[in-house]
Amino acid sequence: MNRTHSFHSTQRGYTLLEVSLFMGLALTLSIGYLKNQVSENQYSIAVTQAGFYKSVNDAVSKYMINYYVSLKDIPGQCSRVLLMTGATPPPMTPSTNCQFIGGAPSSPANALQPTLIELQNLSLLDRNFNNRLLFPTDLVAVNASGVKPAGTYGVRIQRWCNSIQMTDATTCGAVATQLRSLVFNTQPFVMTGGGSYLSMSRFEFMRAALTAMGSNGYASPGTNNDLNLFTLTGTATSSPISSFNASGVSGILAIQNTSDVTCLNL
């Protein structure tokens, strides 16, 4: 007797629901991976930004040491940064001489606020250094000409005598003159990098950069109610940029010279 065996497959195709669930899970995992990767990349950008600040800070440190004799007697008014939000800052008094006096090499236009180009011309900063900030900035700070300059790295050097900042032409005399520098962004960083979940917030960016800078890193608080910048441990220094109503400007990141330059007057 011939027997006919009928074989029925036990396999079946995936249903549309199962495919949809699988695709949804894969998409969720992909988005999660992408967000993690972006977060890591943006953290790396913050650390790189901190490194750029350090590079400029190192150049300013060499500048203060090399030209200490010329810098120690420059009027303290020359430290005032002519940038303000909401109003035009008053210009420098025309009679104020902010340049080196006699015998020194070509002086910056304002020796207490050398630009990156001037530091490069003095061979203190690599000529290939990119002066572009890595996090977007808001063009809100106005200079004495009423212009909103592009955001870049600013430098402020202050003269101190016996822990007192000199804001005029008074010299320290027999007391050792201290020079303290600050490198900062001349326009405040924006709140976010682009407005989507892929963007790092300003708080996250600045905190990551501050951590990478260490004890010399400073930042303005989250609100515009303080004229100081602070380290992560709460140490304060005066902000280089203020607003028209004498309050602070948020979004300012800075680094101070590792150690004050202290030399006896010569």
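**Close-up views of a predicted model**

**The left-handed disulfide of Cys78 and Cys98.** The link of Cys78 and Cys98 is left-handed, with -90° about the S-S bond. Cys78 lies in the loop between helix H2 (68–71) and strand E1 (84–85), while Cys98 lies in the loop between E1 and H3, so the pair ties together parts that are 20 residues apart in sequence. The two sulfur atoms of this disulfide are 2.1 Å apart, where a disulfide is a pair of cysteine sulfur atoms within 2.5 Å. Both Cys78 and Cys98 are buried; here buried means under 20% relative accessible area, exposed means over 50%, and partly exposed lies in between, computed with a 1.4 Å probe on protein chains only. Helices (H or I, at least four residues) and strands (E, at least two) are DSSP runs, numbered from the N terminus.

This is a predicted model, in which local features need pLDDT of at least 70 and side-chain atom pairs count only at pLDDT 80 or more, whereas totals for chains, interfaces and linings use all residues. Residues are numbered from 1 along each chain as its sequence is written, and side-chain values use heavy atoms, with hydrogens and water left out.

**The disulfide of Cys161 and Cys172.** In this link the sulfur atoms of Cys161 and Cys172 are 1.6 Å apart. The torsion about the S-S bond of Cys161 and Cys172 is about -80°, so this disulfide is left-handed. Cys161 is placed in strand E3 (residues 153–161) and Cys172 in the loop between strand E4 (164–165) and strand E5 (177–185), so the pair ties together parts that are 11 residues apart in sequence. Cys161 and Cys172 are both buried. Two disulfides are found in a search of the whole structure, and when the bonded cysteines of the protein chain are numbered in sequence order, their pairing is 1-2, 3-4.

**Positive phi at Asn162 and Ser163.** Most residues other than glycine have a negative phi. Asn162, although it is not a glycine, has a positive phi of about 50°, and the phi of Ser163 is also positive, near 65°. Asn162 belongs to the loop between E3 and E4, and Ser163 is placed in the loop between E3 and E4 as well. Asn162 is exposed, with a relative accessible area of 57%, and Ser163 is exposed at 53%.

**Aromatic rings, including the stacked pair of Phe135 and Phe205.** The structure holds nine aromatic pairs. In one of them, the ring centres of Phe135 and Phe205 are 4.3 Å apart and the planes stand at 15°, so the pair is stacked. Phe135 lies in the loop between helix H3 (116–121) and strand E2 (141–142), and Phe205 in helix H4 (residues 202–213), so the pair ties together parts that are 70 residues apart in sequence. Rings of Phe, Tyr and Trp (its six-membered ring) pair if their centres lie within 6.5 Å, and planes under 30 degrees apart count as stacked, over 60 as edge-to-face and the rest as tilted. Phe135 counts as buried at 7% relative accessibility, and Phe205 is buried at 1%. Elsewhere, Phe52, Tyr53, Phe129 and Tyr153 form one aromatic cluster.

**Arg180 over the face of Trp160.** Arg180 lies over the face of Trp160, at 3.9 Å from the ring centre. A charge sits over a ring if NZ of Lys or CZ of Arg is within 6 Å of the ring centre and within 35 degrees of the ring normal.

**An open sheet with Ala141 in strand E2.** Three strands form an open sheet of mixed pairing, in the order E2-E1-E9. E2 and strand E9 (242–243) are at the edges, each with a single partner strand, so one side of each is left without a neighbour in the sheet. E1 and E2 pair in the antiparallel sense over two bridges, and two strands pair if DSSP finds at least two bridges between them. Thr85 stands opposite Ala141 in E2, and Ala141 counts as buried at 0% relative accessibility.

**The largest nonpolar core.** Of the 43 residues in the largest nonpolar core, Tyr53, Tyr63, Leu71 and Leu253 touch the most other members. Helix H1 (16–66), H2, H3, E3, E5, H4 and strand E10 (253–256) are the elements that give two or more residues to this core, and H1 gives the most, with eight residues. A second, separate core of 11 residues includes Phe184, Leu229, Val249 and Ile252. A nonpolar core is a set of buried Ala, Val, Leu, Ile, Met, Phe, Trp, Tyr and Cys residues joined through side-chain atoms within 4.5 Å.
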